[in-house]
Amino acid sequence: MDETALAATVAACKALIDSRFPDGGDHGAAAMLLGDGTILTGTAPAAVNPSVEVCHEIEPYCGAYRLNQRVVASVCIHREPSGRTVVLSPCGVCRERLAVHGPQVLVAVAEPRDPTVVVWKPLRDVLPDYWMTAFPDEIDAGWIS
């Protein structure tokens, strides 16, 4: 994978946090690198009822679908009130969404000793026992090997 494109994806995510939330407060965003090199970003609007809120990844994920592009990398970052940014690995729901793009999708996870550092891992490594492997005729062959 192109390290420059991955770094640009992380930078775009941080730039969205800074531009959308200039107050320096507690906020987050996500960015996805698409197969054609496009980087899409998104963030989560607040709702009065938390049960209807969506995650930061929804906007770029839906944008990739609208553009008929494959997601090749995904990152989610949270800025703390101190200004420190930490990497959030994809939750189970986002892992399921990304799984349709194949086991090779790169996802950002935090470096174990420093949660501010992005470590890129293939989705297969963070989802080693994917449930869909029970249906080999219905999923990307890369999940079976």
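Tyrosine 65 counts as exposed, at 72% relative accessibility; here buried means under 20% relative accessible area, exposed over 50%, and partly exposed in between (1.4 Å probe, protein chains only). This tyrosine is found in helix α2, and its C-alpha atom is separated by 29 Å from that of aspartate 26, 39 residues apart along the chain. Helices (H or I, at least four residues) and strands (E, at least two) are DSSP runs, numbered from the N terminus.

Keep in mind that this is a predicted model, in which local features need pLDDT of at least 70 and side-chain atom pairs count only at pLDDT 80 or more, while totals for chains, interfaces and linings use all residues. Residues are numbered from 1 along each chain as its sequence is written, and side-chain values use heavy atoms, with hydrogens and water left out.

**Aromatic rings**

- A pair of aromatic rings is described by the distance of the centres and the angle of the planes.
- Rings of Phe, Tyr and Trp (its six-membered ring) pair if their centres lie within 6.5 Å; planes under 30 degrees apart count as stacked, over 60 as edge-to-face and the rest as tilted.
- The structure holds three aromatic pairs.
- In one of them, tyrosine 130 and tryptophan 131 have ring centres 6.1 Å apart and planes at 65 degrees, so this pair is edge-to-face.
- Tyrosine 130 also pairs with tryptophan 143: their centres are 4.5 Å apart and their planes at 40 degrees, so this pair is tilted.
- Both of these partners lie in the segment after α4, so the pair ties together parts that are 13 residues apart in sequence.
- Tyrosine 130 and tryptophan 143 are both buried, with tyrosine 130 at 6% relative accessibility.
- Ring pairs link Tyr130, Trp131, Phe135 and Trp143 into a cluster.

**Nonpolar cores**

- A nonpolar core is a set of buried Ala, Val, Leu, Ile, Met, Phe, Trp, Tyr and Cys residues joined through side-chain atoms within 4.5 Å.
- The largest one has 18 residues, and Val71, Leu98, Leu123 and Trp143 have the most contacts inside it.
- Two or more residues of this core come from each of β1 (27-34), α2 (58-66), α3 (92-99), β5 and α4 (123-126).
- Another core lies apart from it and has ten residues, among them Cys13, Val75, Ile77 and Val87.
- Tryptophan 143 touches several residues, including Ala99, Pro103, Leu123 and Leu127, not counting residues up to four places away in sequence; contact means heavy atoms within 4.5 Å.

- Strand β5 (residues 106-111) and strand β6 (residues 114-122) run antiparallel and are joined by six bridges; two strands pair if DSSP finds at least two bridges between them.
- A hairpin of two residues joins β5 to β6, and glutamate 111 stands opposite aspartate 114 in β6.
- Serine 74 sits in strand β3 (residues 71-79) and is buried, with a relative accessible area of 5%.
- Among the residues that serine 74 touches are Ala31, Glu57, Leu98, Val107 and Trp120, not counting residues up to four places away in sequence.

**Cysteines**

- A disulfide is a covalent bond between the sulfur atoms of two cysteines; the cut-off used here is a pair of cysteine sulfur atoms within 2.5 Å.
- A search of the whole structure finds zero disulfides.
- For cysteine 13, the nearest cysteine sulfur is that of cysteine 76, 6.3 Å away; cysteine 13 is buried, at 0% relative accessible area.
- For cysteine 62, the nearest cysteine sulfur is that of cysteine 55, 9.2 Å away; cysteine 62 counts as partly exposed, at 45% relative accessibility.
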